[in-house]
Amino acid sequence: SISQWGQSDYLGQTAAELKLKTLSASESKAVSALEKALNKAGHKDVPLSFSLRFLENCSYDETKAFDKISVFLKWYAENKIGSLTEAKEPEANSVMKKCIPHSVLHGPDNEGRPVYYERTGKIRTDLLAANISKEDFLKCHAWGMQQMLARAERSSKSCGKPVTKFVMVMDLDGLSLSHRSGLPYILETVSFDDKYYPNFLGKVYVINGGWLFPMMFQTLKPYLPSFISNQIELVSGDPKDELPKYFPKSSLPPSYGGTGAEIKILDSSDLKSASATTYKGEELETANISAGDKLEICIEAENGAGTFGWYFISEGDYDVGFSVSVEEKTGESVVRKYEKIITDQGTYTSKGPCKVTLTWDNSYSLFTSKTVKFSASVAEVGGDSKPVDSKKD
């Protein structure tokens with residue numbers, strides 16, 4: 001069945017009702033209190049699974065849970081998350097699959113939890129940054145999480161017990177220092193899941209860790225919420241011998257000792273390289289930003305309203321601070337908040353004459369210069385595109 005929140009398989013009603021039976025008296029009281037507060041705030045018929053997830057994350061403090069779930073419900077409705085069914089896979093996910101070899105379609109672990117496999121060491125972080133925006137990346141991630149929720153619900157029905165978490169197998173074979181450019185994506189995903197899918201991750205099995213894993217984990221650990229960091233387990237030894245202890249062989253790929261489908265590395269030759277010289281048919285300009293310096297590009301629509309567009313990518317997988325501000329008759333405002341990123345694309349349409357300033361900031365770097373390739377333009381209403389005016393501060 002379908003409600004305002006989406007199809008029933010994605011709402012975890014069976015798992016939630018089974019989970020409810022295991023709660024203590026005080027925990028059940030918190031569930032009732034949260035439901036009452038949500039109804040009073042105008043959030044009607046909120047699925048029980050949503051409430052339980054946020055209550056568990058907040059140690060059954062209904063006040064804290066209310067604050068977190070209110071943010072979640074607004075995001076869920078505005079982004080139509082309930083429509084992200086298996087049949088409505090985002091178009092950008094075809095790019096994700098080529099950049100990040102993974103699978104959400106294998107069978108469950110020994111406890112009935114759905115499994116996400118990722119060949120992390122084979123991720124093409126260079127192609128990821130060049131071919132998919134942060135917004136599309138997170139939408140694809142949300143789609144994958146929704147599929148995990150649906151599989152957990154189906155598992156609850158077949159097992160007769162609450163399955164409310166999923167498991168991840170992270171294969172680090174092939175990991176190198178070049179993958180450091182993927183750290184912003186990891187941190188963005190962690191923040192995203194903490195806000196919208198808290199306590200959904202049940203376990204992370206790290207295989208083929210090698211010498212880099214301890215260093216990588218120590219870098220990430222301060223940024224990981226406890227519901228993630230406490231679930232990470234390094235599996236030593238041959239995955240073919242170790243993983244069958246936790247998973248049925250039918251759920252494991254052959255390279256991990258099972259009989260399931262292999263996780264393929266897809267052909268990515270059609271994707272744009274970070275070293276590309278054009279973007280949507282337009283030549284990219286190149287600029288070097290010295291350590292401690294910054295670059296500003298100014299575009300003006302002098303005669304009337306205009307639509308401004310920009311795209312850039314940083315070479316060498318280095319992040320650079322980026323922001324976009326606009327000056328109009330009504331004053332100055334920020335249309336793209338400052339963020340340390342590798343690539344970005346966007347547009348802004350003004351209501352009248354104005355000046356847009358794109359700023360790349362490398363002032364935080366003590367030794368490393370950054371090279372960015374970019375395009376920036378404005379199409380005035382009733383006019384032609386205008387070249388950029390660049391200046392360095």
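1. Contact here means heavy atoms within 4.5 Å. In this predicted model, Thr 85 touches Gln 7, Tyr 10, Trp 143 and Gln 147, leaving aside residues up to four places away in sequence. Thr 85 sits in the loop between H4 and H5. At a relative accessibility of 9%, Thr 85 counts as buried. Gln 7 and Thr 85 are separated by 78 residues in sequence, yet their C-alpha atoms are 8.0 Å apart in space.

2. Rolling a probe the size of a water molecule over the atoms shows where empty space is left. The structure holds 2 cavities of 30 Å³ or more.

3. The lining of the largest cavity comprises 19 residues; nearest its centre lie Ser 49, Arg 53, Leu 149, Val 163 and Thr 164. Helix H1 (13-20), helix H3 (48-57) and helix H7 (134-159) are the elements that give two or more residues to this lining. H3 makes the greatest contribution, with 5 residues. By class, 10 of the lining residues are nonpolar, 4 are polar and 5 are charged.

4. Which residues line the second largest cavity? They are Tyr 10, Phe 50, Arg 53, Phe 72, Tyr 76, Gln 146, Leu 149 and Tyr 197. The elements that supply two or more residues to this lining are H3, helix H4 (62-78) and H7. Its class composition is 6 nonpolar, 1 polar and 1 charged.

5. Just after H7, Gly 160 adopts a positive phi of about 70°.

6. The structure holds 16 salt bridges. In one of them, the side chains of Glu 56 and Lys 165 meet at 3.2 Å, N to O. Glu 56 belongs to helix H3 and Lys 165 to the loop between H7 and strand E5 (166-171), so this pair ties together parts that are 109 residues apart in sequence. Glu 56 is partly exposed, its relative accessible area being 26%.

7. A further salt bridge joins the side chains of Asp 270 and Lys 98, at 2.8 Å, N to O. Asp 270 is in the loop between helix H11 (239-242) and strand E8 (278-279), and Lys 98 is in helix H5 (residues 93-99); the pair therefore ties together parts that are 172 residues apart in sequence. Asp 270 is exposed, with a relative accessible area of 53%.

8. Finally, a network of salt bridges links Lys 134, Arg 336, Glu 339 and Asp 344. Lys 134 falls within the range of helix H7 (134-159).

Notes
Residues are numbered from 1 along each chain as its sequence is written. This is a predicted model: local features need pLDDT of at least 70, side-chain atom pairs count only at pLDDT 80 or more; totals for chains, interfaces and linings use all residues. Side-chain values use heavy atoms; hydrogens and water are left out. On a 1 Å grid over the protein atoms alone, a cavity is a set of points where a 1.4 Å probe fits but cannot get out, and a pocket is an open set with protein on both sides within 12 Å along at least five of seven lines; lining residues have an atom within 4 Å of a point. Grid points are joined across faces, edges and corners, and a volume is the space filled by probe spheres set on the points. Helices (H or I, at least four residues) and strands (E, at least two) are DSSP runs, numbered from the N terminus. Ala, Val, Leu, Ile, Met, Phe, Trp, Tyr, Cys and Pro count as nonpolar, Asp, Glu, Lys and Arg as charged, and the others, Gly among them, as polar. A salt bridge is a side-chain nitrogen of Lys or Arg within 4 Å of a carboxyl oxygen of Asp or Glu. Buried means under 20% relative accessible area, exposed over 50%, partly exposed in between (1.4 Å probe, protein chains only).
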